[in-house]
Amino acid sequence: MKKAQVIGGGFTGTLAAYFLVKRGYQVRLIDNQPQLGGLIRTLPHPFGDIETAANGFMSNRLIENVAAEIGAELVPASSLAKKNRWLWVEGHAQRWPLTVFETLGFGLRVLWRLLTQSMAPRKLESLEHWGLRTLGGPATRKILSTAMLGIYASPISELSANLVVGRFFKKASKPKKPRARLKGTVAPKRGMGEWFEKMHAYLLGHGVQILQEQAPVLHSAPETTVICTSAPEASRLLQTLAPEVSKRLAEIELLPIVTVNGFRKTPFNPHAGFGCLFHPKAGFHSLGVLWCSDIFPHRFQTGMSSENWILGGKIHPQVATQSDDEILDQLEIDRGRVSLTEKLQEVRITRWPQAFPFYDLRLERLLEKLPALPPGIVLCGNYLGSLGLSQIALRVERTIEELPT
Ligand SMILES: Cc1cc2nc3c(=O)[nH]c(=O)nc-3n(C[C@H](O)[C@H](O)[C@H](O)COP(=O)(O)OP(=O)(O)OC[C@H]3O[C@@H](n4cnc5c(N)ncnc54)[C@H](O)[C@@H]3O)c2cc1C
C-alpha cells in the first residue's frame, strides 16, 4: 500500500487526506492544533453558534458528495438570505445599485463581450481593468468593487482578474460535474464544526493516523507529502528541500482580518438578509457584515439576532493591532449607520494577523513561475488560486487524482 503524509489539518488538509484514502493510500495527517479545522471553528453559545471564519460553502456536487459520505447533512441558507444581499453604495444599502439605463448598458456590454469571446481576463490584468473593459464603469464601480472588497478584502485596482474570475472562462478539460442539488450557500446543520467532527470520525474510521504535532522542516520525502498549510508555513517546511520554491512562497503577502461576532435582542433590521458589503469609499471601518441568524435561523435562540462583522484587509490593516475598545467604538459607528442602535452583547473578537493571501498581480506572476517541486512533494492551499472552500475542494480533488497510485 502506498503511504502519504498530509501536513495541516484545516479544510484543505482534511480533504486531501479524504481523497488520498479514496485512492487507496495509507495516510498520516499531522496538525499542530488540538482540533482539526484550521481557521474554521464553530463555538457553541447559549444564544446560538459563533463561526470564527467561513460560515458556509457555495454548494457544488463535490461538497454535497463528500458531506453525504462523511454523514454531514447540508442545509441551504434561508430564502430571506438568498433574496436579500445588500451592497452599500452611494449612501445607502441597495440590492441592485444600477439604474435602469446602467443595467441596460451593462447587459448589452456583457452580451457583446460574450459574442465576440473577449470576456476572459487577459494575463496580468487587474480586476478593475477587466471590469471596466467587460462590465462597464457603473457595474465595476458600484458592484464589483463593493463585492470584492467584502470577499477578497482588497481593492479591485490591485486584485488579479485571472485569479479572481479566470476560472469562469477556462475551457474544462474534463466533462462537467453534475449540478449541485442545493443552490447557493449551504452549511452542515450544526455549523462548520460539524463538518470537521464528521470528517475526523471518517478519517479515523478509514485508518488515517492523526497526529497532533508541529511538522518539522522537511529534509527528505520518503513518501508522498501533501503540504496543506498557509504559504509562509509551506515556505518554512520547504526551506531545505526546495529552497527556490520556499523563497517564492515567502513572497506571498497575507492580509490581516478581524471578525467581531455578537448578538442583539431587537429583531429590527432594515437590511435583513444575507448581509451587507460596504463600498470602499463609503467611509465604513468594516468591509461588511453577515446577519448569521438570518442565514441559518435554526441555529439561534428564538428572538436573538446574530451579527458577524468583518474588518481589516488591504485597506484597513491597522485594525489587527487595535485594542478591543478601539475596534468596538468604530464598529458602533458603522452599526449606527446601518440603523442598528442596540449595543452588541456577548461580543467575541477574533484577530488573524495573516488570514488569507492577497490575490494581487504579484501572486499571479509568482504562481506562473513557481519552480517544480521535488518528486513526492505536493502543495495544496488557499494561495494557489482558490480562496473559497468549494473551489479549494475541487482543486484538492484534482491534485490528489494526479498522484500515482
Ligand atoms: C474571516 C474569514 C471568513 C471566511 N469566510 C469564508 C466563507 O464564508 N466561505 C468560504 O468558502 N471561505 C471563507 N474563508 C476562507 C476559508 O475559510 C479559508 O480559505 C480556508 O479555511 C483555508 O483552509 P486551509 O486548510 O487551507 O488553511 P488553514 O485553515 O489555515 O489550515 C492549516 C492548518 O495547518 C496547521 N499547520 C500549519 N503549520 C503546521 C505544521 N508545521 N505542522 C502541523 N500543522 C501545521 C495549522 O495549525 C492549521 O490547522 C474565510 C476566511 C476567513 C479568515
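The radius of gyration is taken over C-alpha atoms, and the globule rule is 2.2 Å times the number of residues to the power 0.38. This is a predicted model, in which local features need pLDDT of at least 70 and side-chain atom pairs count only at pLDDT 80 or more, while totals for chains, interfaces and linings use all residues. Residues are numbered from 1 along each chain as its sequence is written.

For 405 residues, the rule expects a compact globule to have a radius of gyration near 22 Å; the chain, at 21 Å, agrees. Its C-alpha atoms fill a box of roughly 60 × 55 × 40 Å along the principal axes. Buried residues (20 or more other C-beta atoms within 10 Å of their own, C-beta atoms being placed from the backbone) make up 44% of the 405.

The chain holds 14 helices and 17 strands, which are DSSP runs (H or I, at least four residues, for helices; E, at least two, for strands) numbered from the N terminus. Residues in contact have C-beta atoms, placed from the backbone, within 7 Å.

| Helix | Residues in the contact |
|---|---|
| α5 | L127, E128, G131, L132 |
| α6 | G137, A139, T140, L144, M148 |

The ligand is surrounded by 35 residues, and G8, G10, T12, G38 and A54 are the closest; a residue counts as near if its C-beta atom, placed from the backbone, lies within 6 Å. At least two residues of this shell come from each of α1 (11-22), β2 (26-31), β12 (254-264) and β16 (345-357).

Methods: A residue is buried if 20 or more other C-beta atoms lie within 10 Å of its own, exposed if 12 or fewer, and partly exposed in between; C-beta atoms are placed from the backbone. Two residues are in contact if their C-beta atoms, placed from the backbone, lie within 7 Å.
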